[in-house]
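Here are my notes on this model. Please read them with the structure open.

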Amino acid sequence: MSNAASTPDASQFSLLLPQLSLPDADNAEEEYAYSLGIQAYIYGFPWIYNAQLRWLWASEAGKHFSEKHGLPDLYAPINTFHHAAVLATPAAQTGGAPNTDTLYSTAWLDIAEDPIVISVPAVTDRYFVIEMVCMDADNFAYVGTYATGTEAGNYLIAPHHWNGTVPDGVADILPRSRTDTVFLLGRTGVNNSSTAEVQAANEVQQQYLLTPLADWPNAPTPYKKPVMIPWGVDYNHTAGAWHTMNESMTQNPPGLPPGINQQQLLNLFATINIGPNQHVEQQSEAARIGLQRAAKDGLDLLKKFSKSRGKTVNNWTYPPQDVGRAGQHSDFITRAAVQSLSGICANDPDEAVYINTSIDSKGNELNGSNCYRMTFSAGNFPPFNADMHGFWSVTLYNSTYNLCPGSSNYSINGYYPEFSTTDAEGGITIVIQSDKPDTLPAGSYWLQSPSDESFFLILRVYVPGPTVSFTQTYSPPAIIVES
């Protein structure tokens, strides 16, 4: 499909391939395309998802589509930040299990022809980080409290093929990006829930600046190139997904330096016309049927792995230790399921670790029809580096990776003064149930679960201690069922 600046009509979002009747189950060509297609879908899912998000968030047509269909407005042109002015709430049902601890800043960059200079202010009173992600959903660099310190700075973001002159005042210390498209996800800490504190974090956000190197140090030139239009904005579209993947990989090929070489794997996927410069419509009818099945079952597989991939401790699941850059370890199921599907991207463990559970202490699935409690004893709070403004939080999500609609008690933040009161022994208890408790003793706090629905919890630890980030031996409290 050709790119265009106008909003696509419905025909452009229809399935690329017709819904075909299934042939006999023993059709070898179909089964080969299906079996290899499952692996290709797992490998290539980030190119589907990121192409959709880039169009929705960074094109005028995507902005209009979002407005028409009631999607959140995260629009900012390429090479420009969008800053969320408020913390995530249940009003935004965007998926991705958003945190409610920091203000998000997002940007899509095109560095194919010119690097970008990112400027950040001195940030000494709060946690902040700007994660830099390739089109494959793997991180390649960071700027922030932990990675580069609290001083103001200007840093070069450049592609692997760039080798130009860096001007004075710009630090060329970040690793090169493997892809010409880069996604930035900034998180600016909010130290309490007051309006004044949120505004203070907003002021920090507004000082994150992006300038093409050719314009530096003057005002940036507006980006004018069209943004690739995906074949649909829902990755459940089984046929259009393959076309989006192919076109997206053509623009941002996998396996380029300084990453690991993946050419042999790409050669294998090319046998079913999947990958850079491939055309899935050239496959036979039987193979296309196999690929449509593979896209459906591949997505189902990613959903299953998204909350269960990793090391289990006390029924809580740590992400694999290669999370954040799993693809650079050939761990493509973690890259697709944990990094991309669950959260668009994922932090490196040294920066932050997200531990999740959907299981109670008896091994049953968490459900809003029950009442639960979890207790952090005085000696068992999550370890973090307080000197770098690290902290922890527990947030509750429904099965769609969203904060529960209508809830006002969906997160406990250990950094906030309103959650600082402890019980007589110095611990705290979190009561988890759908109805508000009649009374709560000192040191107890309420998380509201959805009525009669499944849910899960994420324990986030920012700038974690080594028992969380490295050995994964810290044991979060069990979720005890009370009814």
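1. UniProt positions are given in the numbering used here, feature names are shortened, and annotations may be inferred rather than shown by experiment. On that basis, UniProt places "domain: DUF1254", from an unreviewed entry, at residues 78–212. This stretch is 8% helix and 35% strand. Helices (H or I, at least four residues) and strands (E, at least two) are DSSP runs, numbered from the N terminus. The end C-alpha atoms of residues 78–212 lie 11 Å apart.

2. This is a predicted model: local features need pLDDT of at least 70, side-chain atom pairs count only at pLDDT 80 or more, and totals for chains, interfaces and linings use all residues. Residues are numbered from 1 along each chain as its sequence is written, and side-chain values use heavy atoms, without hydrogens and water.

3. The pLDDT (the predictor's confidence in each residue, from 0 to 100) averages 92 over the protein, and 94% of its residues reach 70 or more. Over residues 1–17 it is below 50. That stretch still has 44 contacts (heavy atoms within 4.5 Å) beyond near neighbours in sequence. Where pLDDT is low, the predicted coordinates should not be read in detail.

4. UniProt also places "domain: DUF1214", again from an unreviewed entry, at residues 351–465. Here the chain is 0% helix and 36% strand. Its end C-alpha atoms are 10 Å apart.

5. Which residues of α1 meet α7? They are Ile42, Tyr43, Phe45, Pro46, Trp47 and Tyr49. Their partners in α7 are Phe332, Ile333, Arg335, Ala336, Ser340 and Leu341.
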